[in-house]
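Please keep the sequence and the structure in view while reading.

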Amino acid sequence: MGKFKPHDGEIARLVIERLPEFDCHCHILPGLDDGAKTLEDSLYLAGRLFTYGYKRVVCTSHSSFLYRNIPETVVPACERLQEELQKNGIPLSLTPSLEYRLIPETWPEHRRRGLLPWEGNHILIELPIRQREQMGEINPVEEIRSLVREGYQPVLAHPERYLWASQKDYEDLFEAGAAFQRNLGSVEGLYGDAPAERAKTILRWGLYTFLGTDTHDKRYTDFFDWLLGIPQGVDNEKED
Ligand SMILES: [Fe+2]
């Protein structure tokens, strides 16, 4: 996590005006990955997202080396959290899915077993953050092409965080059919200076389609509170 930048009211206004009602990237399910740890955490994060104006959230728990989630873990967890949201008067609608990291330990098995898309055919794909070598023999451009051929819409999670990627890498992934998803706060320094610069470059190229929060814990929502100029502890009125 990068250092917070001085508040820029112009950026905050721009972001809040453009904030979608739909978050396609969120680690809100409790206990499944490095996101929410407890139900209490999940309810807190859900309350903040609702306060920012979100109405629907795709629960994209990691499928990675450390967190081997599969549809059988996220679907029941999502149903349970949906019930708890209802009990607690937080009107967010949840959809179960996964954030699929393209690594040999998990991705080929998901391809064999079947994917869990959102919006019918969207699949959130993550590449390794630090070393592209973690993909082994997997060629991400080929994987994107193959998903598109099968009728899926691959969505590339936070391309601004792949500092190893060249302009040609981005162009190849985009031309293969990946939609690019920027993380809320990346331009303003949530992930540090280099990803912020990279996000601005990708914005200039006009390649982003989606804005996701990638919310993991309170550090993220504290940043969003600051970014959006919302005092902490101020909630939208919840439903009874
Ligand atoms: Fe994520």
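## Fold and local features

Arg 113 is placed in helix 4 (residues 107-113); helices (H or I, at least four residues) and strands (E, at least two) are DSSP runs, numbered from the N terminus. Arg 113 is exposed, because 11 other C-beta atoms lie within 10 Å. Between Arg 113 and Ile 70 the C-alpha to C-alpha distance is 9.3 Å, although 43 residues separate them in sequence.

The model is predicted: local features need pLDDT of at least 70 and side-chain atom pairs pLDDT 80 or more, whereas totals for chains, interfaces and linings use all residues. Residues are numbered from 1 along each chain as its sequence is written.

The chain has eight helices and seven strands, and 41% of its 240 residues are buried. Of the contacts between residues at least 6 apart in sequence, 76% join residues at least 24 apart; a contact requires C-beta atoms, placed from the backbone, within 7 Å.

An open sheet of seven strands runs in the order 1-2-3-4-5-6-7 with parallel pairing, where two strands pair if DSSP finds at least two bridges between them. Its edges are strand 1 (22-26) and strand 7 (208-212), each of which pairs on one side only. On average, neighbouring strands of the sheet are turned by 30° against each other, direction ignored. Helix 3 packs on the sheet and touches strand 2 and strand 3, its direction making about 150° with that of strand 3. Axes are lines fitted to C-alpha atoms, for helices over the stretch in contact, and angles run from 0 to 180 degrees between N-to-C directions.

| Strand pair | Bridges | Opposite residues |
|---|---|---|
| Strand 2 (residues 56-63) and strand 3 | eight bridges | Val 57 and Leu 94 |
| Strand 3 and strand 4 (residues 122-126) | three bridges | Arg 101 and Glu 126 |

Strand 3 (residues 93-101) is largely enclosed by the rest of the structure, because eight of its nine residues are buried.

**A helix pair.** The axes of helix 2 (residues 39-52) and helix 8 (residues 218-228) come within 10 Å and cross at roughly 20°. Helix 2 and helix 8 are therefore roughly parallel to each other, a term for angles under 35 degrees. Tyr 44, Leu 45, Arg 48 and Tyr 52 in helix 2 meet Lys 218, Thr 221, Phe 224 and Leu 228 in helix 8.

**Positive phi.** Most residues other than glycine have a negative phi. Glu 119, in the loop between helix 4 and strand 4, has a positive phi near 50° and is partly exposed, with 13 other C-beta atoms within 10 Å. Asp 214, in the loop between strand 7 and helix 8, has a positive phi near 55°, and counts as buried with 26 C-beta neighbours inside 10 Å.

Conventions:
A residue is buried if 20 or more other C-beta atoms lie within 10 Å of its own, exposed if 12 or fewer, and partly exposed in between; C-beta atoms are placed from the backbone. Two residues are in contact if their C-beta atoms, placed from the backbone, lie within 7 Å. Angles under 35 degrees count as roughly parallel, over 145 as roughly antiparallel, 65 to 115 as roughly perpendicular and the rest as oblique.
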